[in-house]
Amino acid sequence: MIDDAHPLHAGIRLRPVRLSDAASRAEALTRSRAYMRPWEPVRPESFYTEEGQRERLAGLLAEREAGRVMPWVLSDAEDRVVGGFNLNAIVLGSFHSAVLGYWVDVEHAGRGLATAAVRRICELARDELLLHRIEAGTVLHNTASQRVLARCGFEEFGVAPRYMHIDGEWRDHRLFQRILHDGPATGIV
């Protein structure tokens with residue numbers, strides 16, 4: 001189920017984000033700031049504070065209530081945040097698609113956690129949200145994320161010039177998608 005925690009491996013689980021994750025999330029983002037810089041937008045200093053993350057999480061939870069976002073975190077055995085995963089821009093109707101975004105704490109990178117979490121999110125998107133498709137984009141040189149997406153069944157379908165403002169510049173992105181099913185779309189009005 002969407003609201004359940006899902007064990008991945010080595011004491012790490014994927015679970016829905018909570019407002020109480022603000023302090024732990026701020027710590028993980030601060031610790032990983034230099035590591036993630038080439039893949040992230042330039043953020044204000046407040047983004048890396050507990051209050052900044054509380055505001056960010058409140059926004060994500062409001063968007064979740066509206067059905068536009070599904071936010072999760074990776075948490076360790078002590079329930080500290082070690083990563084974040086979102087299905088953003090959820091659109092139903094005849095589109096039934098979302099955009100995937102994610103990050104993993106520098107201290108947990110390279111252990112297969114992103115791959116395990118993306119696989120689980122694809123299952124939840126297909127089986128619980130009934131989505132047809134998930135899209136993801138990476139900066140051209142983010143080969144680690146590209147490998148995660150390929151391992152999870154995503155296929156590259158194009159390059160978008162100056163797609164997102166990342167690390168202070170408009171950056172080209174490789175675009176990937178995974179078709180989750182070809183059954184009928186539900187709830188089309």
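Predicted model: local features only at pLDDT ≥ 70, side-chain atom pairs only at ≥ 80, totals over all residues.
**Exercise 1. Phe85 and Tyr102**

Task: Classify the ring pair of Phe85 and Tyr102, and state which strands hold the two residues.

Solution: 
1. The ring centres of Phe85 and Tyr102 are 5.4 Å apart, and the planes are at 10 degrees.
2. Planes under 30 degrees apart count as stacked, so this pair is stacked.
3. Phe85 belongs to strand S4 (residues 81–91) and Tyr102 to strand S5 (residues 97–104).

**Exercise 2. Charges over rings**

Task: Which arginine lies over the face of Tyr48, and which over the face of Phe47?

Solution: 
1. Over the face of Tyr48 lies Arg33, at 4.0 Å from the ring centre.
2. Over the face of Phe47 lies Arg43, at 4.3 Å from the ring centre.

**Exercise 3. Helices H1 and H3**

Task: Describe how the axes of H1 and H3 cross, and list the residues that meet.

Solution: 
1. Helix H1 covers residues 22–31 and helix H3 residues 50–65; their axes come within 8 Å and cross at roughly 115 degrees.
2. The range 65 to 115 degrees counts as roughly perpendicular, so H1 is roughly perpendicular to H3.
3. The crossing of H1 past H3 is right-handed.
4. On the H1 side, the residues are Ala22, Ala23, Arg25, Ala26 and Leu29. They meet Glu50, Gln53, Arg54, Arg56, Leu57 and Leu60 of H3.

**Exercise 4. Thr30 and Ser32**

Task: Where are Thr30 and Ser32 placed, and how does each count by accessibility?

Solution: 
1. Thr30 is in helix H1. Its relative accessibility is 42%, so Thr30 counts as partly exposed.
2. The C-alpha atoms of Thr30 and Leu100 are separated by 22 Å, with the two residues 70 apart along the chain.
3. Ser32 sits in the loop between H1 and helix H2 (33–36). Its relative accessibility is 0%, so Ser32 counts as buried.
4. Leaving aside neighbours within four places in sequence, Ser32 is in contact with Asp105 and Val106.

**Exercise 5. Trp103 and Arg133**

Task: Which strands contain Trp103 and Arg133, and which residues are in contact with each?

Solution: 
1. Trp103 is in strand S5 and, at 10% relative accessibility, counts as buried.
2. Beyond neighbours within four places in sequence, the contacts of Trp103 include Arg25, Ala28 and Leu29, as well as Gly84 and Phe85.
3. Arg133 is in strand S6 (residues 133–139). Its relative accessible area is 10%, so Arg133 is buried.
4. Under that same exclusion of neighbours within four places, the contacts of Arg133 include Phe95, His96, Phe157, Arg178 and Leu180.

Key:
Residues numbered from 1 in each chain as written. Heavy atoms only, no water. Phe/Tyr/Trp six-rings, centres within 6.5 Å; stacked < 30°, edge-to-face > 60°. Helix = DSSP H or I, 4+ residues; strand = E, 2+ residues; numbered from the N terminus. Lys NZ or Arg CZ within 6 Å of the ring centre and 35° of its normal. Axes fitted to C-alpha atoms, helices over the stretch in contact; angles between N-to-C directions. Parallel < 35°, antiparallel > 145°, perpendicular 65-115°, else oblique. Left-handed = near helix turned anticlockwise from the far one by under 90°. Contact = heavy atoms within 4.5 Å. Buried < 20%, exposed > 50% of the residue type's maximum accessible area, 1.4 Å probe, protein only.
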